[in-house]
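Dear colleague,

I am handing over the structure below, together with some notes on its charged side chains. Please read them alongside the coordinates.

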Amino acid sequence: MNGNWRPLSVRDAAKLREVLQPLVPALLASASSGLQADVADLITKLNLQADDQLFVAWARDVQQSLATRIAALELLAKRKSVDLDQILEQCMRDDSPELRGRSRRLLALANPARGVTELRQVIDQ
């Protein structure tokens, strides 16, 4: 090491999207529970097409890992899913404090008025 470095130029994600898009169904079908959150994050970051209903199921499934459920919520929020309000309502009543907190944050971003109301209820408790 001599202290010299050259940062890489910004790379276009279009090529990566082009390569990964046909593989999304296989990635989702074969992802172990430990990798599901990473696959969901990849799909979110690259805006790859996938069936949102799978992520709805992951977010609702209490048997899924916390990381998977949160990644599914993040994906659905970014895509402004029509199911988001119902899922957030369910997740705000979950046993996991982290999932409840993330759900409230996403609710506040999607619907600030409801987010404030929910926050007031939490503070009053």
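**Salt bridges in the predicted model**

The side chains of Arg-114 and Glu-89 come together in a salt bridge with an N to O distance of 2.1 Å, a salt bridge being a side-chain nitrogen of Lys or Arg within 4 Å of a carboxyl oxygen of Asp or Glu. Because Arg-114 lies in helix H8 (residues 112-124) and Glu-89 in helix H6 (residues 84-91), the pair ties together parts that are 25 residues apart in sequence; helices (H or I, at least four residues) are DSSP runs, numbered from the N terminus.

This is a predicted model, in which local features need pLDDT of at least 70 and side-chain atom pairs count only at pLDDT 80 or more, while totals for chains, interfaces and linings use all residues. Residues are numbered from 1 along each chain as its sequence is written, and side-chain values use heavy atoms, with hydrogens and water left out.

Arg-114 is partly exposed at 28% relative accessibility, and Glu-89 is partly exposed at 29%, where buried means under 20% relative accessible area, exposed over 50%, and partly exposed in between (1.4 Å probe, protein chains only).

A further salt bridge joins Arg-104 to Glu-118, with the closest N and O atoms 3.3 Å apart. Since Arg-104 is in helix H7 and Glu-118 in helix H8, this pair ties together parts 14 residues apart in sequence. Glu-118 counts as buried, at 7% relative accessibility. Through shared partners, salt bridges join Asp-85, Glu-89, Arg-93, Arg-104, Arg-114 and Glu-118 into one network.

A search of the whole structure finds 9 salt bridges.

Best regards

Key. Helix = DSSP H or I, 4+ residues; strand = E, 2+ residues; numbered from the N terminus.
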